[in-house]
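Visitor: I would like to go through some of the labels used for this model and hear what each one rests on.
Guide: Ask about them in turn once the structure is shown.

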Amino acid sequence: MDTQQSSLASDAVLPAAEAAQGFTPQALIAVDYIPPPATVTPFVTTLYHFRCDEAVIRDIQPAAIGNLCFFPHGKGEMQFAGGYRDPNHEIGLMTPLSCATPIEVVGPFHAFGAALTPVGWAALTGLHAGDHRDRLLPAPEILGPDLETLGQALLSAYRNGTMSGRDCALAVADFIAGHVRPINPRHLALIAATGRWLGGSFNPAVSDLSGIEGYSARQVQRLVERYFGLTPRALARKYRALRAAALLSAPELSFEDEAAIAEAFFDQSHMIREIAQFVGRTPARLGDQSKPYLAEMIAARNLRELDM
């Protein structure tokens, strides 16, 4: 893989956003991932506490699942696909992302919250993920006044030092546990089958989803977009790029994984474009060990919604 990484480094063309503005050095960013309690593991991929005390923070958020996020420090915005530019509301709901998304914040910038599984997104918000993707919304407008009350209390406690980021994130998990609603059992089975389909191959055939759980191909397409935010074909592209990036960012790559990545894309240029679109970095920069935040964001454990 050393030969391939060297080739990528010489051939790669940085995404426009990366070339235009220097990112905040990742060594200045700290992020803790907190395992969710058993009560919310079907709904939450991970809890997190992020902080960076620079005056201005610029980065790119890889294509992600939905997040319930709280911002006690820092004001900025995300520049979404489709031309939306949303501010980071103090109590925010980041909807599922279709591609990597630039972030710019006046710091210091601290955040805590929960990354939601597709089941968690649906059970907590009730929103159609495809209709609402690529936005950062004011969460209390969707989840109600209980969240506003809790959120303001947590933000105040974090700012005055009476609660840590970990404590606040665990309180968010408690809120989620108490506010999720039941999902149609057949839909749950389809979500699980879609996760297995995504995790089974770098290039899963869309036709393999037809007939799953008794649904027609058209019904599958609608339900996958409803719960995952993208059509099956687009969803497969997204997770192919995220999985490949997770492997390429590892210190070592097995010959088997290297061969699987090579077979997953038409050629090297195709791989570079896809990873840049969904991760926001070119493959040549994924192995940079000075970027712990990026490495954590695309770590395999944070793709837990896949049955890998």
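**Labels and their grounds**

Guide: This is a predicted model. A63 lies in the loop between β3 (56-61) and β4 (67-79).

Visitor: Why does A63 count as buried?

Guide: The relative accessibility of A63 is 6%. Buried means under 20%, therefore A63 counts as buried.

Visitor: Which residues is A63 in contact with, leaving aside its neighbours within four places in sequence?

Guide: They are L97, S98, C99, A100, K238, L242 and F278.

Visitor: Why are α6 and α7 called roughly antiparallel?

Guide: Helix α6 (residues 145-159) and helix α7 (residues 165-179) pack at about 170°, and their axes are 10 Å apart. Angles over 145 degrees count as roughly antiparallel, so the label applies to α6 and α7.

Visitor: What makes up the contact of α6 with α7?

Guide: From α6 come D146, L147, L150, L154 and Y158; from α7 come G165, C168, A171, V172, F175 and H179. Eight of the residues in this contact are nonpolar, two polar and one charged.

Visitor: How do you know that β4 and β6 pair?

Guide: Pairing needs at least two bridges, and four join β4 to β6, which run antiparallel.

Conventions
Residues are numbered from 1 along each chain as its sequence is written. This is a predicted model: local features need pLDDT of at least 70, side-chain atom pairs count only at pLDDT 80 or more; totals for chains, interfaces and linings use all residues. Side-chain values use heavy atoms; hydrogens and water are left out. Axes are lines fitted to C-alpha atoms, for helices over the stretch in contact, and angles run from 0 to 180 degrees between N-to-C directions. Helices (H or I, at least four residues) and strands (E, at least two) are DSSP runs, numbered from the N terminus. Angles under 35 degrees count as roughly parallel, over 145 as roughly antiparallel, 65 to 115 as roughly perpendicular and the rest as oblique. Contact means heavy atoms within 4.5 Å. Ala, Val, Leu, Ile, Met, Phe, Trp, Tyr, Cys and Pro count as nonpolar, Asp, Glu, Lys and Arg as charged, and the others, Gly among them, as polar. Buried means under 20% relative accessible area, exposed over 50%, partly exposed in between (1.4 Å probe, protein chains only).
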